[in-house]
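This report describes one protein model for a reader who has not seen it before.

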Amino acid sequence: MEEFVFFGGKGGVGKTTVSCAYAYRCATAGVRTLVVSTDPAHSVSDVFDQQFGDAPASVDGVEGLDAMEIDPEDEMQRHLEEIREGLSEQVSAAMVSEINRQLEMSHGTPGAYEAALFDAFVGVMRDEAEPYDRVVFDTAPTGSTLRLLGLPEFLGDWIDRLLYKRKQSIDLFEKAAIGDMEPRRLMEGDPVLERLQRRKEFFEFAGDAMRTDAAFFLVLNPDQLSVNETGRAIEAFTERDLRVRGLVANKLTPEPDDDEEGRGARYLREKVATERDRLDQVREEFEPPLVAEIESRTREVRGDLLANVAAELDVETGGEERARTGPTGDSN
Ligand SMILES: Nc1ncnc2c1ncn2[C@@H]1O[C@H](COP(=O)(O)OP(=O)(O)O)[C@@H](O)[C@H]1O
Ligand SMILES: [Mg+2]
């Protein structure tokens, strides 16, 4: 398995749950693992009943497992500050307030959140991954986030052209500096060039890592809406020349025993039959294989229940699969 593993899908399907279960499996198989949560609504902190922050910290009771949380809102603020500082060094004071206004506006655009999220997880891939064999993300690379994955090439070209223009303009400045006048701006240490270059390298790293070191899984629920959404997500990946490695079906209705009768049992049987149809459709229509089917529990998956769900998540870890079930046998 690749170093970076992503679990995508719509909100509520079980990305965080499945990510934590997979990370748990990896760690118990002896793979040093970091699980990264990017959704402040339901995060690794809820699953492990332990508060995590924006730096990796070890998960109590699970050897070899660290967790961290990124809040894209915070990232976005940090991002704005950085841009503000960078720019105020480079433009006149009169421009700063106008730039601030523009920045505030761009902050509110729908793409800004995804951009911050993208930066945040690429930042983790680049800066935090070193001590680990595996980094698991509960992020949702669908739609707009996926379009951001196309940014490396797009932005790369754009930055190349900007760099070229910037060099030209600096050349002109240097030529214009005659006599004992110092050239006003020198190529060497030019802050704008450096910034653009760093940004370009960041996106190059991101593109490479996504293509060669990452595996993408999509989590879905066995209902029509989720199946349709998964189809669209697979297409979005394909458009970006990325392949979805596998699909994880979560929240499957458990089947009642044969001798069970009555309204409840009939309801469950019908529901199970409908869900089977949906999963058949998934197998027939989608290229990525269905790699795991996880049943619905009667309560939220956290604490001891996680090990139990992890046992059902038959996704390769790359380690020795010595711990398939957790410390407790509780299965609901
Ligand atoms: N197999 C399951 N059985 C019971 N509850 C589940 C299961 N999978 C997820 N849940 C619950 O559903 C809710 C949403 O799951 P979560 O992993 O946070 O989804 P996402 O990260 O995709 O938004 C959580 O309360 C979680 O505990
Ligand atoms: Mg989540």
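Arginine 245 has a relative accessibility of 26% and therefore counts as partly exposed, a label for values between the limits for buried (under 20% relative accessible area) and exposed (over 50%), computed with a 1.4 Å probe on protein chains only. The model is predicted: local features need pLDDT of at least 70, side-chain atom pairs count only at pLDDT 80 or more, and totals for chains, interfaces and linings use all residues. Residues are numbered from 1 along each chain as its sequence is written, chains are lettered from A and ligands numbered from 1 in the order in which they are written, and side-chain values use heavy atoms, with hydrogens and water left out.

**Salt bridges**

Side chains of opposite charge can pair when their charged atoms come close. A salt bridge here is a side-chain nitrogen of Lys or Arg within 4 Å of a carboxyl oxygen of Asp or Glu. The whole structure holds eleven of them.

| glutamate 2 | arginine 245 | 2.8 Å |

Arginine 245 lies in strand E7 and glutamate 2 in the segment before E1, 243 residues apart. Helices (H or I, at least four residues) and strands (E, at least two) are DSSP runs, numbered from the N terminus. Glutamate 2 is partly exposed, at 21% relative accessibility.

Aspartate 314 sits in the segment after helix H11 (304-312) and arginine 25 in helix H1 (residues 15-28), so this bridge ties together parts that are 289 residues apart in sequence. Aspartate 314 is partly exposed at 49%, whereas arginine 25 is buried at 2%.

Aspartate 49 is exposed, with a relative accessible area of 61%, and arginine 302 is partly exposed at 32%. Elsewhere, salt bridges link Asp280, Arg283 and Glu293 in a network.

**Aromatic pairs**

Rings of Phe, Tyr and Trp (its six-membered ring) pair if their centres lie within 6.5 Å; planes under 30 degrees apart count as stacked, over 60 as edge-to-face and the rest as tilted. The count by this rule is nine aromatic pairs. In one of them, the ring centres of phenylalanine 7 and phenylalanine 217 are 5.4 Å apart with planes at 25 degrees, so the pair is stacked. Phenylalanine 7 belongs to strand E1 (residues 4-8) and phenylalanine 217 to strand E6 (residues 214-220), 210 residues apart. Phenylalanine 7 is buried at 0%, and phenylalanine 217 is buried at 3%.

Phenylalanine 118 and phenylalanine 121 form an edge-to-face pair, 5.7 Å centre to centre with 70 degrees between the planes. Both lie in helix H5 (residues 110-127), three residues apart, about one turn of the helix.

What does helix H10 pack against through its buried residues? These residues meet E6, helix H9 (224-239), strand E7 (244-252) and strand E8 (290-295). They are Ala265, Val272, Glu275, Leu279, Gln281 and Val282.

Threonine 38 lies in the loop between strand E2 (33-37) and helix H2 (44-48). Threonine 38 is buried, at 5% relative accessible area. Its contacts (heavy atoms within 4.5 Å) include Ile70, Tyr113 and Asp138, not counting residues up to four places away in sequence.
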